[in-house]
Amino acid sequence: MRIHPFLLLTSCLMASFSSAHAENSTPPAKTTGTLSLRQAVALALVQHPDLAPYSKDLRIADAQKLQAGLRVNPEIGFTLEDAPGSGDYTSFDRAQHTLQLSQLFELGNKRAARVRAAATQHQIVQWDYEAKRLEIAATTLAAFVDVLAEQRRVVQANEAVTLAEKFAPAAKKRVDAGRASPVEVTRANVVTASAKLAVEQQKGQLAVARKRLAALWGSATPQFSEAVGDIDQVRDLPTLATATSRLAGNPLLARRGSDVAAREAALAVEQSKVRPDLTVSAGIRHFNESKDVAAVIGFSLPWPLFNKNQGGIAKAQAEVDKAQDLHAATNVRLKTALAIAYEQMENAKSQITTYRESVMPQVEEAYKLTNEGYENGRFGYLEVLDASRTLAESRQQSLEALIRYHKAVAEIEGLTGQALPGTKASTK
């Protein structure tokens, strides 16, 4: 069974992000305007430069399979005996001419063994191709998350500017009324200037993230105006045990299984060499002296007295054992990576829940009360500044938890090679 990376894409679209363009499954002809996750992954899977060599690898594997199934060519031979020499043999009168056709017949199912070995190599290339496509899909998702996150950071930075500018008139009013030191106006202006500088820095980081995403489909300059997706959405996913049971769908693990099959097929090829091949020949001999013609029939068969391909068989068996060890090691490595990704996902989801249900409501309420108290003269500007910073930091930390969550989900789906079904959780 072949695993298609579009499963990952579909899962991400249905669960991780709500895109305004999710209904359109046709890859976009251009990348102008808004960009959905579906469009980004479709572009990367079609135009990523790393995928181009695999079509050639598949052609190579097809050619090797074709060559493995071809029969051995017959041989045509000609011999001249009793040619001119010394004594009575001074002319071609006594010469004998033989024209002979020989055909080698492979015994021990050698050709069938070669075909099976070539077919397994074709499967390996297919799994390598699927693994690369899945890797590109997951990488594109991570890059798309980064763009969404940087867009959110720009919004948060602009909100910080708005908050800072909001306090400048209030600070001036307090100073004019003699209720505060003129230093508060200076502080408010400095905070506003710093907030505006942070906006420019975030815009620069957004530009870098956009370029990294566009580079996945070979574009040096991003043409899309905005990435569209709901980064706030989280899901209730299946248990770790359920996800682990789906590891068999991972193309890397399937590739290791094909490696074992390929090594076993190579072992069968080496074992088939123990049985010698039969060469049958038939021809016509012409006697010049008598002008007679006679048939010549013969065969030859190697005698496997010393060389029974012991070394070739031992080497092939060792390669089978090695492939089985690598398969087992890959299975352990994937299970470990899945457990780590699942732990990261659960941890991030727990942090998201804590921020949404506990931290953010309290921080926002504290900011609101501090703002009102500042306007009424109960708090100084330092308290307001501290409340603003706490609000901005909490929003940033909540966003970081969302980023970790979505990237962990992408890694889990990439490891299982399948979409993880789940239900929507609260996005408030």
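Visitor: Why does Ser-102 count as buried?

Guide: This is a predicted model. Ser-102 has a relative accessibility of 14%, and buried means under 20%; Ser-102 therefore counts as buried. The residue belongs to strand β3, residues 96-105.

Visitor: Which residues does Ser-102 touch, not counting those up to four places away in sequence?

Guide: Ser-102 touches Pro-74 and Glu-75, and also Thr-279, Val-280 and Ser-281. Each of these counts as a contact because heavy atoms lie within 4.5 Å.

Visitor: How much of the protein counts as buried?

Guide: Of its 428 residues, 39% do.

Visitor: What makes a set of residues a nonpolar core, and which members of the largest one touch the most others?

Guide: The members must be buried residues of the nonpolar kinds, joined through side-chain atoms within 4.5 Å. The largest such core has 30 residues, and Leu-35, Phe-144, Val-147, Leu-213, Trp-217 and Ile-231 touch the most other members. At least two residues each come from α2, α4, α5, β4 and α9, with α4 giving the largest share, 10 residues. In soluble globular proteins, nonpolar side chains tend to be buried together.

Visitor: What is Leu-35 in contact with, leaving aside its neighbours within four places in sequence?

Guide: Its contacts include Phe-144, Leu-213 and Trp-217, as well as Phe-224 and Val-228.

Key:
Residues are numbered from 1 along each chain as its sequence is written. This is a predicted model: local features need pLDDT of at least 70, side-chain atom pairs count only at pLDDT 80 or more; totals for chains, interfaces and linings use all residues. Side-chain values use heavy atoms; hydrogens and water are left out. Buried means under 20% relative accessible area, exposed over 50%, partly exposed in between (1.4 Å probe, protein chains only). Helices (H or I, at least four residues) and strands (E, at least two) are DSSP runs, numbered from the N terminus.
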